[in-house]
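Here is a walk through one protein model, from a single side chain out to the whole chain. Keep the 3D view open and follow along.

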Amino acid sequence: MVSHSTTDGLLIAVRVSLLARSEDFPRLVADRTGVPLVIESAELVDIVDPPRPRRRIGSPSALLSADVAAVPFHGREAELAELKQWSQERRHSSTAAADIDIFVCIAPAGQGKTRLAFEFASRMAARGWAAGSLRAGVDADGLRVLAGLRAPVLLVIDYGETRPEQINAVVEQAVRDPTTHPVRVLVLARSLGDWWPALRSRTNWGNVRSVYESATVSPLQALDDTRAAQEASYSAAIRSFAELLRQLPGYADKDWDAVTVSTSLPDDIDGAGSGSVLQLHAAALTNLLNTFPDTAEAAQGVRDLLAARRNEPGPDPGPDTEGSLRIRGFGDRAAEADLLDRAAVVAAVTDLLAMPDDPQDASVAGNDMSGPTVVALEGPWGSGKTTMMRLIELELGRRQKQSHQPRAPEASRTTRKRRSRAHLSAWAAHRRLSPRFGAGAGGSEDGQGAGAVAATPVIAHFNPWAHQSSEQIWAGLTRSIVEAAQPRLGVDGRSREEYWLLRNGLRLDRRHLKRTLWRNLASPLLRVAVFALLAPLLAQLVKADQVYTVWGAEFTAPTLALLLPGTLLLIGVLHTLVRLVWGRARAFLPGELFDGPVLSGPLAPSTGSVDTALRDPYYNARSGYLYLVQHDIRELLASLRDRGHGLIMFIDDLDRCSPRATADVFEAINLFLSGAIHGSKPTEKPPDQPRCRFVLGLDPVVVAAHLDRAYKDLTPDKAKPGNGDPTWGWTFLRKLIQLPVPLPHITDTGITTVLTGLLGAVVARRPLAAATGSGTGAPHPKPGTVVTPETAIGTGEAGPPRIQYDPEAEARARALETNPEIRTLIEQRLNDHPDISIREAKRLLTIWQFYLRVSGHKARGTDQLSVEQALHLVVLAEIAARWPAMQAQLRRPVEGRPGLYWLARSAHDDEQWAASRARAGLRAKHHTPACDALRVLLRNHDGEQVAAVAEIL
């Protein structure tokens with residue numbers, strides 16, 4: 001500036017920050033330019049927009065933008081004081097020198113977040129801070145300028161839920177290159193949703209994580225929370241808009257001062273904190289523009305802008321009208337918890353399965369009083385049979401752990417030494433293939449005799465639907481029992497390998513196995529030594545009189561020719577002995593010998609050819625494969641019996657099998673019932689027979705039909721089944737199943753329990769104003785207090801509390817699946833389903849959440865989903881889940897609109913309904929029951945809105 005106090009006209013440089021601190025200079029700048037003085041940082045000019053009002057206004061709707069600041073800023077003094085205190089507090093950990101802190105301000109759209117940040121940044125800039133809004137496109141490279149600043153920095157990041165990467169980049173830059181001045185980041189967001197917890201947990205860098213952990217999260221309360229305050233703001237907005245409209249081209253010729261506009265609030269703004277600042281200002285501007293006929297079109301533009309800002313018509317979504325989504329849908333796996341209150345049934349079935357036979361009480365076994373052998377859990381698909389099996393198995397395991405297990409006899413020193421190795425050696429395999437070991441196969445060498453432990457069950461699972469032919473079913477059944485019994489056949493892998501080698505050795509050609517073992521054991525050096533012996537020896541015999549000196553010793557040529565191969569031969573013998581003593585037996589014999597019963601013939605594995613060493617005389621005989629499998633299972637069950645174990649076989653999904661496969665499984669079970677597989681000897685008494693139990697999961701209607709079809713050639717044409725059974729298949733089930741357990745239908749209370757287990761408990765959300773107090777006299781919260789979305793807590797000694805959200809509680813509260821209104825509708829729709837099951841409930845919920853995600857990605861994102869739309873999507877998901885066969889007709893366009901549209905329009909009129917059915921291609925008689933149920937659904941749940949939502953998707 002030019003100094004007028006001197007005559008030489010010298011220029012005097014004055015720091016602009018000093019001028020800004022004076023009282024007159026900022027006022028003079030504002031009077032001359034019409035905008036307040038804002039000091040901009042030259043270093044941040046490429047990445048930050050300064051907090052100054054926008055001068056160019058192209059249309060009336062632009063007056064609603066926060067950066068125009070059309071209406072003078074008022075109120076929010078408590079919030080500004082809180083932000084000022086936050087900016088002045090030094091925040092850094094003991095391990096990081098960076099003074100950086102984050103303040104997350106959350107509020108619905110139009111609540112005034114951006115305008116508050118704009119005002120705060122302006123005030124901080126006037127105090128010498130480098131303040132402004134960080135541009136969306138700035139990356140990590142652009143943020144490096146922060147390291148060279150010599151002034152404190154305030155960065156405002158609007159729409160923070162869409163910019164987590166940039167937030168993290170700012171924090172990492174401030175921690176990596178700390179400055180001597182504080183860095184403050186003010187993040188504005190509509191909700192915390194999932195983005196904030198994900199941002200907090202995305203890094204393992206301790207210094208960065210500590211910044212997120214110390215961040216302040218605070219909701220922004222309604223600006224005008226009384227009727228009088230809203231009316232005053234409404235009048236002030238009309239006056240401010242009238243003054244600015246006079247400056248717009250095309251609007252300057254209007255006499256805005258003479259316009260008389262009602263200052264009463266519109267009907268959709270009823271005071272008491274309802275309605276956002278944006279909604280109030282939009283109502284004032286619209287009312288003003290509607291005064292003149294030629295500006296009414298601009299009023300419609302304001303309404304369109306407001307709808308676009310909210311991305312949906314109607315009032316701005318508040319805390320009770322929008323939410324996020326946490327669930328991702330459900331699969332079809334069995335549950336690990338009892339969601340249907342069937343614990344009593346589980347306990348009763350477990351009592352029958354876990355009750356051990358008393359060997360001392362012969363009358364119990366002899367009178368067949370040891371409990372049912374076959375228990376059938378009966379119910380249609382999706383009724384929870386698999387889950388019931390899983391719960392019964394868990395209960396069996398729990399009781400087994402709690403039961404007293406007597407200590408097994410201590411093994412001898414020789415036995416402990418033999419078990420010190422983790423595998424069976426080749427020498428041990430050679431000895432056990434000797435005839436003298438055959439008689440003791442499957443005995444109790446390991447001390448696990450019948451009296452060593454109390455009777456405990458071996459639990460096996462068999463899925464027959466994974467097999468096709470009868471041979472595959474029998475082989476699969478054998479493998480299932482073998483795999484389940486493996487842990488009970490020995491204390492370690494070595495003893496189990498020994499057991500199966502002894503078992504298989506009883507019916508295989510042992511001599512051939514031993515020859516195979518020795519042939520594979522022979523060291524390759526032996527063959528090399530033989531070749532090295534013959535060739536040099538013949539060569540050296542030609543010059544037998546020649547003498548060689550080696551290390552001072554003289555050798556003739558033939559002697560030297562014998563010495564070298566002899567050395568190789570000795571090494572080969574030693575190598576063979578090492579492999580014999582320490583080598584693993586399965587490395588020199590087929591591995592099938594040590595893993596289970598060897599299957600050959602029709603039951604051999606389909607992959608490759610069977611090893612020639614596994615020549616089984618039993619399987620090459622003319623005996624049927626049924627007898628051969630009986631032999632394998634009989635011997636295995638006898639071994640389990642000797643070790644004090646019974647067998648519980650869970651067989652699920654019988655109703656998914658083909659008729660022939662279903663019949664094969666029941667034939668196998670019938671063999672167990674008849675005693676053909678119970679004992680190793682036909683003369684065994686019942687108390688000596690192993691305890692075998694079967695738990696079946698089936699739909700009796702489907703299984704009976706399968707049995708009718710499988711045995712249609714065996715049933716008499718004119719003979720009728722007895723006991724009032726409709727078909728012979730039901731008679732067969734009656735004969736085979738001793739205890740049918742029909743699974744109860746899901747009750748209304750059961751649906752509530754299921755939804756609580758799948759979706760979590762219902763969370764009743766309270767409006768923020770109600771949680772924190774309202775009214776002009778309500779104190780604004782101070783730092784240091786954490787308040788969950790459900791309740792505000794604490795006051796503190798230094799002043800009233802500052803609200804800070806717990807992220808997990810906020811996410812739970814905003815989740816639409818825990819919304820009371822949505823949960824009530826879901827429960828109602830599931831209860832109205834005539835054949836509801838857990839599977840159908842999961843299917844409906846999975847479709848519903850998918851529709852919600854599609855809707856969110858089409859609109860404002862999955863963190864801001866409409867509750868109203870979510871309610872319509874529940875009905876649409878039910879239509880898709882309940883009537884899949886009608887989806888093609890409901891979605892097919894008819895005269896430019898989908899079939900569901902025409903049906904929803906005509907749901908209240910009989911004639912129009914019949915015409916719409918014909919138009920949609922649903923006139924056939926078999927469609928009538930489904931169409932009648934669909935009509936009731938559309939009439940009771942705003943079908944036209946549901947159809948409109950479906951068209952958007």
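Start with one polar contact, a pair of N or O atoms within 3.5 Å; within protein, one must be able to donate a hydrogen and the other to accept it, and residues adjacent in sequence count only if both atoms are side-chain atoms. A polar atom of the R184 side chain lies 3.4 Å from the backbone oxygen of W86. R184 has 0% relative accessibility, so it counts as buried. Buried means under 20% relative accessible area, exposed means over 50%, and partly exposed is in between (1.4 Å probe, protein chains only).

A word on the source. This is a predicted model, where local features need pLDDT of at least 70 and side-chain atom pairs count only at pLDDT 80 or more, while totals for chains, interfaces and linings use all residues. Residues are numbered from 1 along each chain as its sequence is written, and side-chain values use heavy atoms, with hydrogens and water left out.

R184 sits in strand β5. Helices (H or I, at least four residues) and strands (E, at least two) are DSSP runs, numbered from the N terminus. Strand β5 covers residues 183-189 and runs parallel to β4, with five bridges between them. Here R184 is the bridge partner of L154.

Now move to β4. How many residues of strand β4 are buried? Five of the five, residues 153-157, so the strand is largely enclosed by the rest of the structure. Both of its faces are covered. V153, L155 and I157 lie on one side, L154 and V156 on the other.

Strand β3, residues 130-134, also pairs with β4, in the parallel sense and over four bridges. A130 stands opposite V153 there. From β4, follow helix α5 (residues 164-176) to β5: together they make a right-handed β-α-β unit. Right-handed means that, with the strands pointing away from the viewer, the path from the first strand over the helix to the second runs clockwise.

Strand β5 has another parallel partner in β2 (residues 100-106), joined to β5 by seven bridges. In this pair, I106 stands opposite A189.

Step back to the sheet. Two strands pair if DSSP finds at least two bridges between them. Six strands form an open sheet with mixed pairing, in the order β1-β3-β4-β5-β2-β6. The edges are β1 (48-49) and β6 (216-219); each has a single partner strand, so one side of each is left without a neighbour in the sheet.

At 28% relative accessibility, R839 counts as partly exposed. R839 and D332 are 507 residues apart along the chain, yet their C-alpha atoms are separated by 6.9 Å. Contact means heavy atoms within 4.5 Å. Leaving aside residues up to four places away in sequence, R839 touches D332, W381, G382 and R656.

Then find helix α31, residues 867-882. S866 caps its N-terminal end, with a side-chain oxygen 3.3 Å from the backbone nitrogen of E868. Of the 16 residues of α31, 14 are buried, so the helix is largely enclosed by the rest of the structure.

Finally, take in the whole protein chain. Its secondary structure comes to 36 helices and 17 strands. Of its 953 residues, 48% are buried. Among contacts between residues at least 6 apart in sequence, 78% join residues at least 24 apart.

How values were computed: Expected span 1.5 Å × (residues − 1).
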